[in-house]
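I opened a new structure today and kept notes as I went. Here they are, in the order I looked things up.

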Amino acid sequence: MIVLVINAGSSSLKYQLLDTTTKKVYAKGNCERIGIDGSFIGHEENDGSKQKLEVALPDHKTAIKHVFDILAEAGFDTDKIEGIGHRVVQGGWYFPESKVVTDETLGWVREVAPLAPLHNYAEADVIEICREMFPSIGNVIVADTSFHYNMPEKAWRYALPRDVVDKLHIRKYGAHGTSHRYIWKTTSEFLNGDVHKLVSCHLGSGASLSAIEDGHDMDTTMGLTPLDGLIMGTRCGTIDPATVCYLQRVGGYSVDEVDTMMNKQSGLLAVSGVSSDSRDIEAGAHNGDANCQMALDMFYYRTSQLIAEMAQSMHGFDTMVFTAGIGENSAEMRLGVAKELEWLGVKIDEKANEVRSDEPRVISTDDSKVKVLVVPTNEELMIALDVEALLG
């Protein structure tokens with residue numbers, strides 16, 4: 001099935017055209033700076049050819065039109081697109097699984113948007129645009145929160161008054177669920193089913209862990225929003241919630257200023273004082289920058305700490321997988337996290353850890369009590385497979 005996968009952000013729109021049968025990616029790209037000066041589209045085709053188009057992108061509708069024009073000009077018959085899959089960050093209480101787009105389900109995306117205002121409104125707009133432009137093509141909503149929705153209540157419920165949480169739908173929703181689901185599927189296939197309790201480590205600029213027991217999510221690190229859990233590129237991760245009140249009451253910061261601080265000015269960026277990019281921080285640490293080294297040490301500590309927490313939710317773990325930007329590409333980060341877990345019997349083969357590959361691979365030693373792998377994630381394929389399952 002030929003599927004177009006769309007991932008819309010507040011000022012960006014990523015796309016990928018692929019075949020679910022052959023897994024061939026025909027084209028992919030990213031529309032950047034939508035609604036901002038200096039907008040452009042980066043486009044890449046399966047033969048490796050790339051182009052950058054500097055075009056005005058005042059809104060997402062214009063971006064979508066350009067995407068279809070680019071695909072047509074590149075020789076891809078857009079009439080052959082059989083379905084469109086939309087990544088939606090927050091599915092709220094309406095999407096325990098992926099759903100076909102209807103007036104009702106589109107309304108649900110907007111209804112839960114206050115939980116992810118920077119993403120859901122833009123994603124809903126793009127879905128609406130696709131329906132208007134191509135009414136004959138079916139659309140599917142794939143929410144990042146779906147995989148986590150049916151975790152045990154003891155894991156998702158917050159210890160707040162029931163009337164408050166029920167009225168405002170406050171609970172742990174998590175994120176990166178599509179990636180974690182793909183990691184379980186791919187790891188299980190790669191190991192021929194010899195995996196039962198897996199900790200999936202999606203480590204990138206945004207980062208989260210998921211405890212997956214026989215395919216079922218048992219817990220995850222992100223909470224009501226993607227701010228909770230691990231230290232991330234610019235997000236602080238878990239802190240004392242009273243810090244918010246203190247910053248407002250004593251520091252004089254507004255609600256919006258605290259929100260911006262914790263989401264965009266904290267994390268690895270704040271600790272290192274250099275960058276939110278792990279490559280820059282690693283380079284700084286190698287050059288003797290104590291703040292960069294502290295950022296790495298804190299990242300290793302917090303990540304390993306929460307891996308142990310995920311393992312507790314399953315009463316143990318037999319497999320651990322690194323994925324996403326940092327997890328797939330930084331041998332130093334993987335080794336740093338693994339060394340923190342040596343007391344649990346985790347052992348890394350340092351030579352295997354240095355190998356770079358686009359394929360799943362084992363990087364633990366034969367005598368490691370936990371099998372450790374690197375598995376490149378593929379959220380677009382997972383979304384496309386959901387489209388095929390619902391529309392095919």
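**Entry 1: what I am looking at**

I note first that this is a predicted model.

**Entry 2: the largest nonpolar core**

I began with the largest nonpolar core, which has 39 residues. Which of them touch the most other members? I found Leu 203, Ile 307, Phe 317 and Met 320. Next I looked up which elements supply at least two residues each. The strands are β9 (197-203), β10 (207-213), β12 (319-323) and β14 (371-374). The helices are α10 (278-286), α11 (290-313) and α13 (331-340). The largest share comes from α11, with 9 residues. As background, nonpolar side chains in soluble globular proteins tend to be buried together.

I then followed Ile 307. Leaving aside neighbours within four places in sequence, I listed what Ile 307 is in contact with. The list holds Val 199, Cys 201, Leu 209, Phe 317, Met 320, Val 337 and Leu 341.

**Entry 3: helix α13**

Is α13 mostly covered or mostly open? I found it mostly covered, with 7 of its 10 residues buried. The buried ones are Ala 331, Met 333, Arg 334, Leu 335, Gly 336, Val 337 and Ala 338.

**Entry 4: cysteines**

How many disulfides are there? My count came to 0 disulfides. I checked Cys 31 to see why. Its sulfur is 11 Å from the closest cysteine sulfur, in Cys 130, so the gap is too far for a bond. The cut-off is 2.5 Å. Cys 245 is in no disulfide either, and the nearest cysteine sulfur, that of Cys 236, is 14 Å away.

Are Cys 31 and Cys 245 buried or partly exposed? Cys 31 has 0% relative accessibility, so I wrote it down as buried. Cys 245 has 37%, so I wrote it down as partly exposed.

**Entry 5: the second largest pocket**

I turned to the second largest pocket, with a volume of about 200 Å³. Its lining has 16 residues. Pro 96, Ser 146, Phe 147, Asn 150 and Arg 181 lie nearest the centre. Three elements each supply at least two lining residues: β8 (139-143), α6 (177-190) and β11 (216-220). α6 gives the most, with 3 residues. I sorted the lining by class and got 5 nonpolar, 7 polar and 4 charged residues.

**Entry 6: the cavity**

How many cavities of 30 Å³ or more does the structure hold? I found 1. About 40 Å³ of space lies in the largest cavity. Its lining is Val 89, Gln 90, Leu 115, Ala 116, Gly 174, Gly 223, Leu 224, Thr 225 and Pro 226. By class I got 5 nonpolar, 4 polar and no charged residues.

**Entry 7: two positive phi angles**

Most residues other than glycine have a negative phi. I noted two residues with a positive one. Arg 33 has a phi of about 60 degrees and is not a glycine. Arg 33 lies in the loop between β3 (25-32) and β4 (40-45). Its relative accessible area is 36%, so Arg 33 is partly exposed.

Asp 214 has a positive phi of about 50 degrees, and is not a glycine either. I found Asp 214 in the loop between β10 and β11. At 45% relative accessibility, Asp 214 counts as partly exposed.

I looked up Glu 82, in the loop between α1 (60-73) and β6 (83-88). Glu 82 is partly exposed, at 45% relative accessibility. Glu 82 and Val 3 are 79 residues apart in sequence. In space, C-alpha to C-alpha, I read 5.9 Å. Beyond four places in sequence, the contacts of Glu 82 are Met 1, Ile 2, Ile 137 and Leu 391.

My last stop was Arg 302, in helix α11. Buried or exposed? Arg 302 counts as buried, at 17% relative accessibility. Arg 302 and Ile 231 are 71 residues apart in sequence, yet 7.0 Å apart in space, C-alpha to C-alpha. Leaving aside neighbours within four places in sequence, Arg 302 is in contact with Gly 229, Leu 230, Ile 231 and Thr 238.

Technical notes
Residues are numbered from 1 along each chain as its sequence is written. This is a predicted model: local features need pLDDT of at least 70, side-chain atom pairs count only at pLDDT 80 or more; totals for chains, interfaces and linings use all residues. Side-chain values use heavy atoms; hydrogens and water are left out. Buried means under 20% relative accessible area, exposed over 50%, partly exposed in between (1.4 Å probe, protein chains only). A nonpolar core is a set of buried Ala, Val, Leu, Ile, Met, Phe, Trp, Tyr and Cys residues joined through side-chain atoms within 4.5 Å. Helices (H or I, at least four residues) and strands (E, at least two) are DSSP runs, numbered from the N terminus. Contact means heavy atoms within 4.5 Å. On a 1 Å grid over the protein atoms alone, a cavity is a set of points where a 1.4 Å probe fits but cannot get out, and a pocket is an open set with protein on both sides within 12 Å along at least five of seven lines; lining residues have an atom within 4 Å of a point. Grid points are joined across faces, edges and corners, and a volume is the space filled by probe spheres set on the points. Ala, Val, Leu, Ile, Met, Phe, Trp, Tyr, Cys and Pro count as nonpolar, Asp, Glu, Lys and Arg as charged, and the others, Gly among them, as polar.
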